[in-house]
Structure formats: C-alpha cells, structure tokens
Amino acid sequence: MAKISGNILIIDDERSIRKTLNEILSYEGFKIDEAVDGEEGLKMFTDKAYDVVLCDIKMPKIDGLEFLVKAAEINPDVPVIMISGHGTIETAVDAVKKGAYDYVAKPPDLNRLLITIRNALDKNSLSREAKVLRKKVSGVQEMIGDSDGIKKIKDTVEKVAPTDARVLITGENGVGKELVARWLHAKSKRADQNLIEVNCAAIPSELIESELFGHEKGSFTSAIKQRIGKFELANGGTLFLDEVGDMSLPAQAKVLRALQEGKITRVGGDKEINVDVRVIAATNKDLLQEVEDKNFRIDLYHRLNVILINVPSLNERKDDIPLLIDKFLEDIATDYGQARKEIDANAVAALQRHSWTGNIRELRNVVERLVILSGKTITESDVTSHVLI
Ligand SMILES: Nc1ncnc2c1ncn2[C@@H]1O[C@H](COP(=O)(O)OP(=O)(O)OP(=O)(O)O)[C@@H](O)[C@H]1O
C-alpha cells in the first residue's frame, strides 16, 4: 500500500495499544499524537487540526461515545474511528450509528486498520476526495497500444467499467490482465473505494477460504485472532480474483454463494455479513477445459463470465511493439536517473520480428538489457548480439 500522510490522534487509556498503533502508523508516514483519555483527547482535538481520530470506547473521565458527540460539535468533518475491545462491539456499532466513521476491533488487524484510515482520509473532505480520485485514476499505469486488440479492450473497458457487471479477463501470463482489472476499477463508480486483489494461485488451498472470507478466533489451529477477509475489505469496492482457475472447489462453492446472495460467513463463524462487492476475475487457464476436467464449477464460471475480455499476447499485437519500446526506454531512463537512450528503426524492426513468449515483462527486460549493454543509440547489431542470439 502506498504511503500516505496525515495527522492522527490516538486516544486510548491502554499504553500498549497506543504504542502499537503509534509505531504502525508512524511507519506508514502519519504524524501521531497520543492522548490517555477522552478528556485529554478532547483538549488536543480542540487545539489542533487532525485528519483522523482513533478513539477507544471504554475510558475513564470522558468515554469514547461522549468524545464522539463533543468532537462532532467542535469539528464534524473529522472522521472518528472507534477502537473496540472485548464486549464493546455493540457499543462500537452504536457509535457508528451516531456518526463514528467506522470501528476496528482490538487487537487491530493491520490491513483492515490501514484501509479504514485510508478510506476515512479519502472521505475527509470533498476536495480531498476529488484529489484522491484523480490520483487513483492517473495512478493506474497507462495501457500502451494502438493495435486493434488493445483498442477493443479500451473500448470494452469504457463501456463496462461504469456498470457493476462482472468481468472475466483471460490471457497468457504477463499480457496485462491485472492492468485491465485496474482500469476497470479506476473508471468505475467504485473508484474511490478499495480495489482488493487476491492471487488465488499464491495461497495454499487450505487458507484460501480464510483469506477470502476471514475467520473467527480459534476456528482452526493457527487462527489466533479474528481476521477480516478480502470480501469484507472490498465491501463497496472491487475484488480482483487473480488466477481464479487455481481456486479450490470448496472455496469456489463459497464464492458462488457470496456472489449469488451478497452474503459471506467468516470461517468458524455463524453470522452472515452482507457484502457489496464487484468481482473481476482473471485467469491464464482455459476455464471451460477446467470445467470439463471437474476442477472448476460451471455455475461459478457463468457467474464470473458476464463480460469476457481476452488480452492478446504480445505476438498477436506486434504493431504495439514500437510504442512499448518507447515507453520502456522512457521508464528505464527515469528508473536509472539517466538520459534516455535512443533506438534506431532497424533495431525496432528486428525486435518486432522476434518471436516473443507473449509476456510483456520479457520485452521490458530485453529493452533494459539493451540499454545497459549498448551505446547512446541502440542499433540492430546490438539487438543481434545481445538479444537474438
Ligand atoms: N498495454 C500495456 N502497456 C504498458 N504496460 C503494460 C501493458 N500491459 C501490461 N503491461 C505491463 O506488463 C507487466 C505485466 O502485466 P500484468 O501484471 O497486468 O499482466 P498479467 O497478465 O496480470 O500477468 P500474470 O499472468 O503474471 O498475473 C506489468 O508490469 C504491466 O504494467
């Protein structure tokens, strides 16, 4: 997660909680002040402008709820996130009804906390929100390409992104599936909410359910504390299920239910939690073949595959190679802090003729190698001696 900044006030009578939160959030780049109870917190809140307040519920003197009410009288625009310990969850929910931005449970789950704070910061003021939105959209890497294949994808993204339709993105490794998913989110109505990614292939099958749906404390041996799953983290936003073809069948059944009913249950829990999530999935597998081989559920396949975007491999869009080379030369010069190297037309043509694996990273690596090994201008003979051996 990219570092962001802001002033945060932590109000908690437990020193250890203050210390942990302070350490984590300072590391993330926030400026932190601590108050030991509601009274001190209120004084500090009156004296200084904060972007977010993290406030315990049970405290001596002024408690969390009272702080919330008084803080709203002083500055209603500052989001207050309640920290709820054992037995105060209900009060926390009550606090949210009374205007708290959200609550996090003790001990705080780092990811959830940071996402909540980030969202709170985003919502802090309209102008800030607009800025964040702009940054998020412009923060997505450009999709380079003028070929028919890429034009078609850009066109589909424009049409589909503003809807809540599920999208299945297919294509070989490294052709830009994730980039397409990022654009879909960035151009959607959910752009100011989270885009949460899960690489289904990277998570052991016995952990995928807990990763997606969270778990309750003690639900299995290593579940030492409660954990919020990716579906919940993506609530209001987008969940990107990368390598969805590698998901285990039990997890598929649960994902299907979540998509059908808009509800999830944490592993080891019995409470149903409503989630409003747009799912974008990607795979380099032939999912219909996986269905035939009984590795993938046909009903889930149909749920995910409302809109299909197939990203062509580099070999199928060789027209884009000159543009991509140009972009990579620029990026590499910036990364190295050096003047940009040039490349002559014959060298570009030689690279265009080459038979690539289809993975864009391969082309990037080759350009990087040429930048390192060639003189001021990359020539065809550089290409022949360094690349096309
Ligand atoms: N059209 C494009 N223009 C510029 N860069 C691109 C384009 N498509 C992909 N890339 C870059 O190529 C790399 C691979 O893209 P990405 O990770 O989106 O592919 P992927 O298909 O999701 O890969 P994987 O199958 O490994 O998950 C990334 O660094 C990405 O930014």
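Leaving aside its neighbours within four places in sequence, which residues is Ile169 in contact with? This is a predicted model, and in it the contacts of Ile169 are Lys177, Val180, Ala181, Ile280, Ala282, Ile309 and Val311. I start there since several other topics lead back to that list.

First, the core. Ile169 belongs to the largest nonpolar core, which has 60 residues. Together with Val180 and Phe231, Ile169 touches the most other members. Helix 16, residues 360–373, supplies the largest share of this core, namely five residues. As background, nonpolar side chains in soluble globular proteins tend to be buried together. There is also a second, separate core, of 34 residues; Ala35, Phe67, Val78 and Ala120 are among them.

Five strands form an open sheet in the order 7-10-13-6-14, and the pairing is parallel. The edges are strand 7 (195–199) and strand 14 (307–310), each of which pairs on one side only. On average, neighbouring strands in this sheet are turned by 20 degrees against each other, direction ignored.

Please look at strand 13, residues 278–283. On one side, strand 6 (residues 167–170) runs parallel to strand 13 and is joined to it by four bridges. Leu168 has Ala281 of strand 13 as its bridge partner. Strand 10, residues 238–242, also runs parallel to strand 13, again with four bridges. There, Thr238 is partnered with Arg278 of strand 13.

Is strand 13 largely enclosed or open? Six of its six residues are buried, so strand 13 is largely enclosed by the rest of the structure. Both of its faces are covered. Arg278, Ile280 and Ala282 are buried on one side, and Val279, Ala281 and Thr283 are buried on the other. Two of these, Ile280 and Ala282, are on the contact list of Ile169.

Last, the ligand. The shell around the ligand holds 16 residues, and Ile144, Gly176, Lys177, Glu178 and Ile360 come nearest. Helix 8 (177–186) and helix 16 are the elements that give two or more residues to this shell. Helix 8 gives the most, with three residues.

Note on methods. Residues numbered from 1 in each chain as written. Predicted model: local features only at pLDDT ≥ 70, side-chain atom pairs only at ≥ 80, totals over all residues. Pairing = 2+ DSSP bridges. Axes fitted to C-alpha atoms, helices over the stretch in contact; angles between N-to-C directions. Core = buried A, V, L, I, M, F, W, Y, C linked by C-beta atoms within 7 Å. Buried ≥ 20, exposed ≤ 12 C-beta atoms within 10 Å, placed from the backbone. Contact = placed C-beta atoms within 7 Å. Near = placed C-beta within 6 Å.
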